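Please keep the sequence and the 3D view open while reading.

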Amino acid sequence: MGKPKRDRDIENLTNELIMEKNKNNFLIASISDIQGNIRALDNKVIAIIIILAIPVSQLKFLISVYMNLFSINAIIGFALCSLLVISWISCLIFTFYSILSIDNPSHRIKSDENVKGYFYGTNLFSVSCWDSLFLKKATINKDLETYRKDFSAIDLEKELIYEQMKLVFIREVKSKRQKIALTSAFLTIVFIFISQFIVLINSNLQ
């Protein structure tokens with residue numbers, strides 16, 4: 001004989017609760033992992049800044065290299081110098097943008113009014129620029145009881161998916177900007193070495 005209907009209902013409900021818990025745990029783990037990726041991307045900026053500092057710290061040397069290069073061949077000298085400047089400026093711009101905070105990613109996500117952004121406590125406090133200095137008039141938008149009631153009515157899975165989507169957007173934008181910055185940094189070093197190599201070869205041939 002099969003299980004009684006009551007037992008089957010309890011079993012189905014238990015399975016649904018387990019599935020719901022597993023999905024939420026998955027989303028929480030995903031959010032944590034994406035946050036780690038974003039922090040790692042921010043840490044890589046230090047390496048790019050070091051590369052950016054190389055041409056500045058060796059400016060006198062680079063000027064002498066390109067002066068010699070211009071005397072060897074003005075066209076090649078101008079081309080390599082221009083490419084170096086363009087790649088360095090590109091690296092600087094995209095490095096700067098990769099550090100900057102990205103505008104509110106929630107504006108990029110289509111969601112219904114039921115999603116409130118409770119994971120990070122979105123819009124819980126109203127803090128103006130003036131308040132950020134003195135914190136005298138910073139106000140909370142909801143009292144504790146109202147916040148508790150609203151929180152008890154949220155769709156947890158939807159809230160977690162919403163936060164995951166926002167973090168994915170931030171990660172993808174930062175990653176793209178950093179890839180361009182790294183490529184530009186690599187090209188900057190390549191152009192410096194090519195220029196120096198041409199000057200050295202020419203000096204050895206003379």
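Is threonine 188 buried or exposed? In this predicted model, threonine 188 has a relative accessible area of 2%. Threonine 188 is therefore buried, since a residue counts as buried under 20%.

The residue is part of helix H6. Leaving aside residues up to four places away in sequence, threonine 188 touches Pro55, Leu84, Ser87 and Trp88.

**Helix contacts**

Helix H2 packs against two other helices, as the table shows.

| Helix pair | Residue ranges | Axis distance | Angle |
|---|---|---|---|
| H2 and H3 | 59-72 and 74-99 | 5 Å apart | about 145° |
| H2 and H6 | 59-72 and 156-205 | within 9 Å | roughly 55° |

On the H2 side, the contact with H3 involves Tyr66, Leu69, Phe70 and Ile72. Facing them in H3 are Ala74, Ile76, Gly77, Phe78, Leu80, Cys81 and Leu84. Sorted by class, this contact has 10 nonpolar residues, one polar residue and no charged residues. Leu84 in H3 takes part in this contact, and Leu84 is also one of the residues that threonine 188 touches.

The axes of H2 and H6 cross at roughly 55°, which means that H2 is oblique to H6. The crossing is left-handed. H2 contributes Phe61, Leu62, Val65, Tyr66, Asn68, Leu69 and Ile72 to the contact. H6 contributes Phe191, Ile192, Ser195, Gln196, Ile198, Val199 and Asn202.

**The chain as a whole**

The protein chain has six helices and two strands. Their order from the N terminus is α-α-α-β-α-β-α-α. Of the 206 residues in the chain, 26% are buried. Among contacts between residues at least 6 apart in sequence, 83% join residues at least 24 apart.

**Confidence**

How high is the mean pLDDT of the protein chain? The mean is 79, and 73% of the residues reach 70 or more. Confidence is highest in H3, at a mean of 90. Confidence is lowest in helix H4, residues 129-134, where the mean is 64. Where pLDDT is low, the predicted coordinates should not be read in detail.

Notes:
Residues are numbered from 1 along each chain as its sequence is written. This is a predicted model: local features need pLDDT of at least 70, side-chain atom pairs count only at pLDDT 80 or more; totals for chains, interfaces and linings use all residues. Side-chain values use heavy atoms; hydrogens and water are left out. Axes are lines fitted to C-alpha atoms, for helices over the stretch in contact, and angles run from 0 to 180 degrees between N-to-C directions. Helices (H or I, at least four residues) and strands (E, at least two) are DSSP runs, numbered from the N terminus. Contact means heavy atoms within 4.5 Å. Ala, Val, Leu, Ile, Met, Phe, Trp, Tyr, Cys and Pro count as nonpolar, Asp, Glu, Lys and Arg as charged, and the others, Gly among them, as polar. Angles under 35 degrees count as roughly parallel, over 145 as roughly antiparallel, 65 to 115 as roughly perpendicular and the rest as oblique. A crossing is left-handed if the near helix is turned anticlockwise from the far one by less than a right angle, and right-handed if clockwise. pLDDT is the predictor's confidence in each residue, from 0 to 100. Buried means under 20% relative accessible area, exposed over 50%, partly exposed in between (1.4 Å probe, protein chains only).
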